[in-house]
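I opened this structure to look up strands, cores and a few single residues. My entries follow in the order in which I made them.

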Amino acid sequence: MPLQKFLFKPGVNRENTRYTTEGGWYEGDKIRFRQGNPEKIGGWTPFAGSTFQGVCRSLSNWITLTGENLVGVGTHLYFYILKGSDYYDITPIRKTVTLTNPFTATAGSSVIAILEVNHGCTDEDTVIYSGAGITGLGGNITAAVLTGTFQITFIDDDNYTITVSATANATDVVGSPGGGTVVTQYETNTGPAYQVPLVGWGAGPWGAGTWGNGQTTSTALHLWNQQNFGEDLIYGPRGQGIYYWSANVGYEPIQITISIAAPGQITLPAGFSFPDGTTISFTSTGALPTGLIVGQVYFVVNSTGGTFNVSLTIAGSAITTSGSQSGIQRISQRGIDLADAGDDDTPLFQNYILVSDASRFVLVFGTNDYGESYLDPMLIVWSDSDDPYTWTPQITNQAGSLRLSHGSKIVTAIQSRQEIVVFTDSSLYSLQYVGPPFVWTAQLVADNVSIIGPNAAVIASGAVYWMGVDKFYKYDGRVQTLNCDLRRYIFSDFNTLQTQQIYAGTNEGFNEIWWFYCSADSLENDRYVIYNYVENVWSYGTLGRTAWLDSGLLPLPIAATYNYELVQHEDGVNAYDLGNLTALPAYISSSEFDIGDGHNFGYVWRVVPDLTFEGSSTPDNTIPTPAVTMTLYPMQNSGSGTGTAANGTVTKGSTYNITEEYTGIIYTRARGRQMIFKIASDQIGTTWQLGAPRLDIKADGRR
């Protein structure tokens with residue numbers, strides 16, 4: 001029998017049995033499709049030279065007016081600005097208080113207990129102690145040991161502990177409680193790195209589960225929302241406040257000498273100036289001019305050269321300072337709470353934030369109504385045009401609100417062409433700018449649709465794609481259910497208690513959308529599914545990523561790993577984690593194929609490969625010759641299991657001056673009614689694309 005060419009259908013299909021999907025691909029890992037042919041995905045390299053703390057759940061990218069390329073990185077512990085290879089902590093300050101003698105030591109322990117009634121902290125929150133009044137406890141626990149940043153261990157509503165760098169002795173115990181006058185700053189509350197299952201009565205929705213037992217549910221993750229407002233940033237943890245960060249102060253505290261000039265102006269050294277509207281705070285251990293408070297966030301007003309006043313609001317009256325203090329001050333900037341800086345109707349909470357392209361409105365989805373202090377999950381509130389500090393509706397501005405009716409909560413929103421697509425847990429809305437007096441109006445686009453998590457939707461090529469609770473959707477003016485060849489495979493092995501971890505991202509260079517999710521037995525994102533929206537094909541694999549960002553301002557997509565680092569994807573052909581270079585194994589195997597309808601045995605005695613190693617690393621003393629293994633698995637019948645496999649290695653050659661340089665023929669012996677074809681690689685420096693291999697098959701009887 002002559003050689004038979006095998007061109008398998010593009011995409012991986014697991015919706016039917018392996019025999020039913022004859023002529024296609026059935027399983028694989030680290031594979032994508034290009035013009036119908038499978039190839040190994042690209043590798044990754046470190047994007048920044050350092051790591052961050054916490055599990056990253058949010059990434060965004062923008063460029064300032066001075067051309068600095070910034071990445072916002074939100075983890076379950078902190079919020080960072082990444083500039084170059086350095087992470088700068090700009091986690092907002094939730095509360096600043098002054099405590100008197102709050103520290104209690106235990107001999108032989110480095111754990112210090114703190115008493116503060118109604119401190120409002122959660123486990124793993126961060127606290128910062130500073131101030132000229134800090135004193136030690138008399139022994140090893142000195143003022144220097146107690147000054148700085150610490151992570152909290154929650155005890156109860158009035159007590160928590162920290163761990164310091166020294167071990168207390170008996171003298172410290174005698175001096176407890178002590179510490180003097182301590183300026184105490186609490187960063188925004190953290191949350192769990194993973195959704196924590198809650199089981200029992202009251203855990204699920206009202207009436208769910210059996211009587212007295214309830215239903216299993218889970219706590220919410222600590223997710224950050226972030227949107228750039230010009231060169232500045234509006235951000236905040238989901239369910240908490242809204243914060244504004246100005247790019248013109250810088251990314252880390254600066255330590256400079258200030259002096260006071262009449263009438264109360266602050267004078268900076270030569271070369272320093274802060275524009276009006278800049279938010280700053282003083283975190284010095286020295287004395288401040290009378291009228292100013294350590295840790296309080298102020299707005300710069302009346303700025304002229306190197307002198308300025310400060311105010312508690314962006315357009316408020318200057319604070320009158322007195323005295324002639326002059327000394328070193330540590331000036332830093334973290335996000336200012338808009339509820340403190342804006343008007344009385346500034347939202348106290350947000351479940352999602354978006355800055356519109358139409359006239360730069362700040363829209364808040366899921367927030368409190370005017371004059372209320374509870375969160376309405378179906379309410380949308382927006383600021384005045386181009387003004388994040390004005391929220392009270394007036395005849396002279398365009399601030400306003402509206403409430404959606406279909407669903408129980410707004411999950412997320414995406415800005416699309418001439419509209420903002422808003423997802424509730426059961427419906428899809430189109431939010432459009434119409435100008436005064438209504439400003440924004442919402443139209444119901446689809447009902448009885450779902451979205452599985454706040455980061456499960458993405459826009460690509462003008463259309464919105466998202467993962468629902470049991471299927472995938474597309475919106476391009478109308479809502480469509482995507483025909484997914486992996487639907488049953490994905491949703492039958494899926495951790496439904498970790499849906500908030502799901503993260504969607506684009507890979508525009510390959511016309512792909514990636515979703516990362518947790519398999520049934522995993523608490524971490526350990527799998528991905530890829531949809532190529534141009535070729536309409538699906539593939540899947542295993543990979544742990546917590547967030548993904550494909551920005552036109554960066555050369556390649558970046559992603560966050562469970563090693564607390566950012567990596568750059570499609571860079572090289574290997575895996576590169578925490579400085580360790582390893583191979584990126586990849587494989588794909590076909591559905592079963594046979595001769596005719598499988599009534600005869602087939603005998604394969606040779607295989608003529610067709611593939612390219614283009615893009616593989618050049619062989620040298622450390623990287624072996626690029627190679628793949630092709631394997632045939634013969635079967636007696638569809639349910640019999642595979643017999644003795646026949647395989648051969650295809651290596652890149654050096655005798656042909658053409659792109660497709662590889663072993664010419666593989667001689668093998670495989671006999672069965674059905675067969676499965678597999679190609680795999682697992683060595684450093686190898687990448688490949690499969691073409692149309694040919695098999696020499698001949699009929700070999702019925703037994």
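I began at Thr279 and looked for its bridge partner in strand E26, which is Phe299. Strand E25 covers residues 279–282, and E26 covers residues 298–304. The two pair in the antiparallel sense over two bridges. I took strands as DSSP runs of E, at least two residues long and numbered from the N terminus, and I called two strands paired if DSSP finds at least two bridges between them.

I noted that the model is predicted, that local features need pLDDT of at least 70 and side-chain atom pairs pLDDT 80 or more, and that totals for chains, interfaces and linings use all residues. Residues are numbered from 1 along each chain as its sequence is written, and side-chain values use heavy atoms, with hydrogens and water left out.

Next I checked which way the side chains of E25 point. Thr279 and Ser281 point one way, Ile280 and Phe282 the other way, and all are buried. Buried means under 20% relative accessible area, exposed over 50%, and partly exposed in between, with a 1.4 Å probe and protein chains only. In a regular strand the side chains alternate between the two faces of the sheet.

I then compared strand E57, residues 666–672. Its covered face holds Ile666, Thr668, Ala670 and Gly672, and its uncovered face holds Tyr667, Arg669 and Arg671. Strand E53 (residues 602–608) pairs with E57 in the antiparallel sense over five bridges. Val607 is the residue opposite Ile666 in E57.

Is Ser311 buried or exposed? Ser311 counts as buried because its relative accessibility is 1%. It lies in strand E27, residues 307–311. I listed its contacts (heavy atoms within 4.5 Å). Leaving out residues up to four places away in sequence, Ser311 touches Tyr298, Phe299, Val301, Gly316, Ser317 and Ile319. Phe299 is also the partner of Thr279. The side chain of Ser311 reaches the backbone oxygen of Ser317 at 3.1 Å.

I turned to an open sheet of four strands, in the order E6-E7-E8-E9 with antiparallel pairing. Its edge strands are E6 (56–63) and E9 (86–89), each pairing on one side only. Strand E8 (residues 79–83) runs antiparallel to E9, joined by four bridges. Lys83 stands opposite Asp86 in E9.

Another open sheet of four strands has the order E34-E35-E36-E37, with antiparallel pairing. Here the edges are E34 (410–416) and E37 (439–447). Six bridges join E34 to the antiparallel strand E35, residues 419–424. Ser416 faces Glu419 in E35.

I looked up the nonpolar cores, which are sets of buried Ala, Val, Leu, Ile, Met, Phe, Trp, Tyr and Cys residues joined through side-chain atoms within 4.5 Å. The largest has 64 residues, of which Met467, Phe472 and Trp515 touch the most other members. Strand E39 (residues 463–467) gives the most to this core, with five residues. Apart from it lies another core of 30 residues, including Ile41, Cys56, Trp514 and Leu566. In soluble globular proteins, nonpolar side chains tend to be buried together.

How many disulfides does the structure hold? I found zero, taking a disulfide as a pair of cysteine sulfur atoms within 2.5 Å. Cys121 is buried with a relative accessible area of 6%, and Cys484 is buried with 5%.

Note on methods: Polar contact = N/O pair within 3.5 Å; in protein donor to acceptor, adjacent residues only side chain to side chain.
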